[in-house]
Each structure stands twice: as structure tokens, then as C-alpha cells.
Amino acid sequence: MADDEQVARLLDSANDWNAWRAENPTKVVDISRANLSEAHLSGADLRRADLSGADLIAADLSGADLSRAVLLGA
């Protein structure tokens, strides 16, 4: 289940999200089953993030790093 604090941070600003990721490189990112529809995630660092079951309909993922992200059912 998604970490509500992480989801809120991601939806707030991709730049702030990326800064947080840089400060917390070992933190497990769980945004599974989150509603990210129509979210502006352009350039977001989503490496190794668990996005399984997330709603990504019409989300802007241009330039996002999805390396090794879990996208099962997203």
C-alpha cells in the first residue's frame, strides 16, 4: 500500500521529489496503488519505485526515470 507522505510529496513537485530522493537514496519508495492519474511527473526520479497497481492514466511521465521500477498492473 502506498506511503501517503511519499505520494503527497511526489504530487506536490517533481523537483522537490527529486531533491528528497537525493537526500534519501536508500529509502524504499512505495507508491503502489496510488491515484496518479493526470499527475505531472515529468522528470521525476522513480528509480526502483513500487508503482504496482498505480493509476497512471493521462499522467505526464515524460523524462521520468523508471529504471527498475515495479509497474505490474499500473
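1. Helices (H or I, at least four residues) and strands (E, at least two) are DSSP runs, numbered from the N terminus.

2. On the basis of the note: this is a predicted model, in which local features need pLDDT of at least 70 and side-chain atom pairs count only at pLDDT 80 or more, while totals for chains, interfaces and linings use all residues. Residues are numbered from 1 along each chain as its sequence is written, and side-chain values use heavy atoms, with hydrogens and water left out.

3. Which residues surround Ala-49, leaving aside its neighbours within four places in sequence? Ala-49 is in contact with Val-29, Ile-31, Ala-69 and Val-70, where contact means heavy atoms within 4.5 Å.

4. The chain as a whole has two helices and zero strands. Its radius of gyration is 11 Å, close to the 11 Å that the globule rule gives for 74 residues, so the chain is as compact as a globular protein of that length. The radius is taken over C-alpha atoms, and the rule is 2.2 Å times the number of residues to the power 0.38. Along the principal axes, the C-alpha atoms fill a box of roughly 30 × 20 × 20 Å.

5. Of the 74 residues, 36% count as buried. Among contacts between residues at least 6 apart in sequence, 27% join residues at least 24 apart. The accessible surface is about 4,400 Å², and carbon and sulfur atoms account for 48% of it; the areas come from the Shrake-Rupley method with a 1.4 Å probe.

6. As to charge, the chain carries 7 positive and 13 negative side chains, and the centres of the two sets lie 9 Å apart. Lys and Arg count as positive and Asp and Glu as negative, without His or the chain ends.

7. The count of aromatic pairs comes to one. Trp-17 and Trp-20 form this pair, which is tilted, with 5.2 Å from centre to centre and 35° between the planes. Rings of Phe, Tyr and Trp (its six-membered ring) pair if their centres lie within 6.5 Å; planes under 30 degrees apart are stacked, over 60 edge-to-face, and the rest tilted. Because they are three residues apart in helix 2, Trp-17 and Trp-20 are separated by about one helical turn. Trp-17 is buried at 0% relative accessibility, and Trp-20 is buried at 11%.

8. Most residues other than glycine have a negative phi. Arg-33 counts as exposed at 61% relative accessibility, and Arg-68 is exposed with a relative accessible area of 73%.

9. Asp-4 is found in helix 1 (residues 4-12) and is exposed, at 64% relative accessibility. Its C-alpha atom is 20 Å from that of Ala-64, which is 60 residues away along the chain.

Conventions
Buried means under 20% relative accessible area, exposed over 50%, partly exposed in between (1.4 Å probe, protein chains only). The place of a charge is taken as NZ of Lys, CZ of Arg, CG of Asp or CD of Glu.
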